[in-house]
Amino acid sequence: MANKKTVVFDFDGVIHSYTSGWKGIDVILDEPVKGIKEVIENLRDAGYYVTVVTTRAAQMKGVEAVWAYLKKYGIKADSVQSMKPPAICYVDDRAIHFDGDTKSLLEQIQSFRSWTER
């Protein structure tokens with residue numbers, strides 16, 4: 001990993017479509033987001049290190065469930081963990097892109113909705 005650029009993907013809502021919502025640390029019911037497998041494949045083929053981050057990984061049964069899900073859908077990642085490591089970027093459905101301008105930040109936070117909530 002030391003020589004590769006890391007890209008971090010959130011699991012629920014980015015890889016796992018999460019349309020059923022939270023059902024438990026090791027209960028992952030929904031299919032992947034359309035096209036995410038191909039994006040991850042292309043990144044890995046281009047030499048990027050792909051880390052999947054999820055609070056599910058705070059417990060071993062959650063880590064095992066995420067790895068089983070990735071295997072079931074043929075999605076290859078380099079690691080699964082609960083904490084965001086240093087990376088060139090983070091792909092997360094519950095984030096606001098901060099561009100250095102604070103003027104509209106409060107309003108963006110107060111009106112925020114993830115793509116699954118819109």
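## Largest pocket

By class, the residues lining the largest pocket divide into three nonpolar, five polar and five charged. Here Ala, Val, Leu, Ile, Met, Phe, Trp, Tyr, Cys and Pro count as nonpolar, Asp, Glu, Lys and Arg as charged, and the others, Gly among them, as polar. The lining has 13 residues, and those nearest the pocket centre are D10, D12, Y18, T55 and R94. A pocket is an open set of points on a 1 Å grid over the protein atoms alone, where a 1.4 Å probe fits, with protein on both sides within 12 Å along at least five of seven lines; lining residues have an atom within 4 Å of a point.

The space in the largest pocket is about 180 Å³, where a volume is the space filled by probe spheres set on the grid points, joined across faces, edges and corners.

## Basis of the model

This is a predicted model, in which local features need pLDDT of at least 70 and side-chain atom pairs count only at pLDDT 80 or more, while totals for chains, interfaces and linings use all residues. Residues are numbered from 1 along each chain as its sequence is written, and side-chain values use heavy atoms, with hydrogens and water left out.

Strand 1 spans residues 6–10, and five of its five residues are buried (under 20% relative accessible area; exposed is over 50%, partly exposed in between; 1.4 Å probe, protein chains only). Strands (E, at least two residues) and helices (H or I, at least four) are DSSP runs, numbered from the N terminus.

Strand 1 pairs in parallel with strand 2 (residues 49–53) over five bridges; pairing requires at least two DSSP bridges between two strands.

T51 lies in strand 2, opposite V8. T51 counts as buried because its relative accessibility is 0%. Its contacts (heavy atoms within 4.5 Å), leaving aside residues up to four places away in sequence, are T6, V7, V8, F9, S79, Q81 and P85.

E31 sits in the loop between strand 1 and helix 1 and counts as exposed because its relative accessibility is 56%. Beyond residues up to four places away in sequence, E31 touches I15, H16, S17, Y69 and Y73.
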